[in-house]
Amino acid sequence: MCGTTDGESDRADRSAHDKDQDQEPGREQDKDSDASGDDVHDAERAQFSALLEDSAEDLYDNAPCGYLSTLLDGRIAKVNTTLLDWLGHTRAELVGRKRFSDLLTVGGRLYHETHFAPLLAMQGQVSGIALELKAADGSRLPVLVTSVVKTGTDGQPLLIRTTVFDARDRRAYEQELLRARKEAERAQEVAEAERMRLHQVLAILQNSLLPPALPEVPGMEAAAYYHTASADQLGGDFYDLFALGDGRWGFFLGDVCGKGPEAAAVTSLIRYTLRAASLHAGDPAQALDTLNAALLERYTGNDPRYCTTIAGTLTPRGGDLHVTVASGGHPPALLLRADGTAHYLPTPGGMLVGIMPRPHFTPATTVLRPGDTMLLYTDGLTEARTADGPRYSEEALHAFAGTLAPAGAQQTVNAMTGLLESFGDGLDDDTALLALGIPAPDTHTGGAR
Amino acid sequence: MTDLHLTTQRTPAGSVLAVAGDLDHDSAGRFRGAVALIALQPGQLLTVDFGGLTFCDSSGITALIAARNQVHEQGADIVLTEVPAVTVRILRLLGLDQIFRIQPVPGADTDPVG
């Protein structure tokens, strides 16, 4: 860039200084160089025209595309060698004997008759139509066809000129696109099926963490409810009700900290440990001790896995149920009495199960009489955000139970479920409910009223 | 929901971690991260200042227990200060008042549940 500029200014300076002296020789030099340039161009042009002039016919015959001229009735009047080579026909076989449509496949012929020819007659030109030609050996050649009607000076149509482009590459490309699209669709179907399968597996695992149905307990009504905050996250809430074999019944409900598969694995460990421990333990506090030891042994370090649990036993005595419960850091059970009052069954001193070597679980007792119901719940209920903003508290739950009592087990669960549904999106944790009660004397089935 | 805001400050006695906002499933990981960066000498104290805490769920509790385990491994201790009444009640319910030193917000009603 700089050099050019300097050169130009040098020349300008010099011509200013040496105007008179250098003018003529300078001009002479320019003339010379022009003349020599012309000579080169002329020679090249001659060379090119030599190549071109004797090849007009050759250009037609061996063009990189097929040429075809047909009469208005379709009969072939002229065809180039390229197209003959593609089709494997001799000129004599085609000229004057075949029509353009004879070269097409059946489908192509139909399309030619119904669309191509009428359009050509109407517009005088048809461009880039994809057709298939039939070669002499029966093979098919995908082509792109463009036709123009040649008219005489009086505007009368004389003949049809057609160019034929080999579209095998393009067809291959299109087929590749089609194949890729089909493959993508199939992959999506597979992914969708996998997703469905995973969903089913999650649902099955989730269900395996809960008892399939509560057992029938003579003289008692039991009801349960389980809500997962999100469909694809395995929850960590659990509950169970089972026979202890000597006429007594064991039950528990709890909440494993965390969500997802890890929490689900812990939930599984807890359920089976607690169920087995309950069979041998003297009271629920001892069962929680065993569970605590199992969790501590299994999960250590900076990945503590623990749960809150309330576990208990039911001992029928007369028409009543004597209840013993122990809590490991779990919200207290709520008692809905036949007389219309509601209160918590305090279980102080209990600690989260699985964080300390020797926790102290203290049992608490109560008696359920006809018309009484005991509700166990996980903190999804008391921690839910209500529409107003603040979280639903244990006071609010207490007050709600007060308006509900007396109520049977199923009736209590139904009312609590309705309360949960009223939270809508505010319910951002899993929630489990387990209600155990003795039907009121005036009802034999269903909840007390 | 209130975003969790964490501030760490070194003191001669150890470190003060001030927690403001919701300590829950979404934010507990950040709390753990902040605690992991705190190095204490044996005998020092990690003070978790809950003065700005608006909510603490079970994930927050887990993070607290993990913090306690980490601090104890370093031979240090942990204390929770300015703990809102509702959180004090949850900690008592969970029995964690037996393993954490808890200083409630002065004058707050923190009667046990039941």
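**Exercise 1: Cysteines**

Task: Decide whether A:C307 is buried or exposed, and find how many disulfides the whole structure holds.

Solution: A:C307 has a relative accessibility of 0%, so this residue counts as buried, where buried means under 20% relative accessible area, exposed over 50% and partly exposed in between, with a 1.4 Å probe and protein chains only. B:C56 is buried as well, with a relative accessible area of 3%. A search of the whole structure, over all chains, then gives zero disulfides, a disulfide being a pair of cysteine sulfur atoms within 2.5 Å.

Before going on, note that this is a predicted model, in which local features need pLDDT of at least 70 and side-chain atom pairs count only at pLDDT 80 or more, while totals for chains, interfaces and linings use all residues. Residues are numbered from 1 along each chain as its sequence is written, chains are lettered from A and ligands numbered from 1 in the order in which they are written, and side-chain values use heavy atoms, with hydrogens and water left out.

**Exercise 2: The sheet of chain B**

Task: Work out in which order the elements of chain B follow each other, and in which order the strands lie in the open sheet.

Solution: Begin with the inventory, which for chain B is three helices and five strands; helices (H or I, at least four residues) and strands (E, at least two) are DSSP runs, numbered from the N terminus. Read from the N terminus, the elements are β-β-α-β-α-β-α-β.

Next, look at the pairing, for which DSSP must find at least two bridges between two strands. The five strands of chain B make an open sheet with the order β1-β2-β3-β4-β5 and mixed pairing. Its edge strands are β1 (5-11) and β5 (101-104) of chain B, each of which pairs on one side only, and neighbouring strands are turned by 20° against each other on average, direction ignored. Within the sheet of chain B, β2 (residues 14-23) and β3 (residues 45-56) run parallel and are joined by nine bridges, and B:A20 stands opposite B:G52 in β3(B).

Helix α1 (residues 28-36) of chain B lies across β1, β2 and β3 of chain B and runs at about 175° to β2(B). Helix α2 (residues 58-73) of chain B lies across β2, β3 and β4 (77-83) of chain B, at about 145° to β4(B).

**Exercise 3: A sheet of chain A and a serine in it**

Now turn to A:S327, which is found in strand β10 of chain A and is buried, with a relative accessible area of 1%.

**Exercise 4: Aromatic rings**

Task: Explain why the pair of A:F100 and A:F116 counts as tilted.

Solution: Rings of Phe, Tyr and Trp (its six-membered ring) pair if their centres lie within 6.5 Å, and planes under 30 degrees apart count as stacked, over 60 as edge-to-face and the rest as tilted. The search over all chains finds four aromatic pairs. The ring centres of A:F100 and A:F116 are 6.5 Å apart and the planes stand at 45°, so the pair is tilted. A:F100 lies in the loop between α5 (91-94) and α6 (106-123) of chain A and A:F116 in helix α6 of chain A, so the pair ties together parts that are 16 residues apart in sequence. A:F100 is buried at 5% relative accessibility, and A:F116 is buried at 2%.

Conventions
Axes are lines fitted to C-alpha atoms, for helices over the stretch in contact, and angles run from 0 to 180 degrees between N-to-C directions. Contact means heavy atoms within 4.5 Å.
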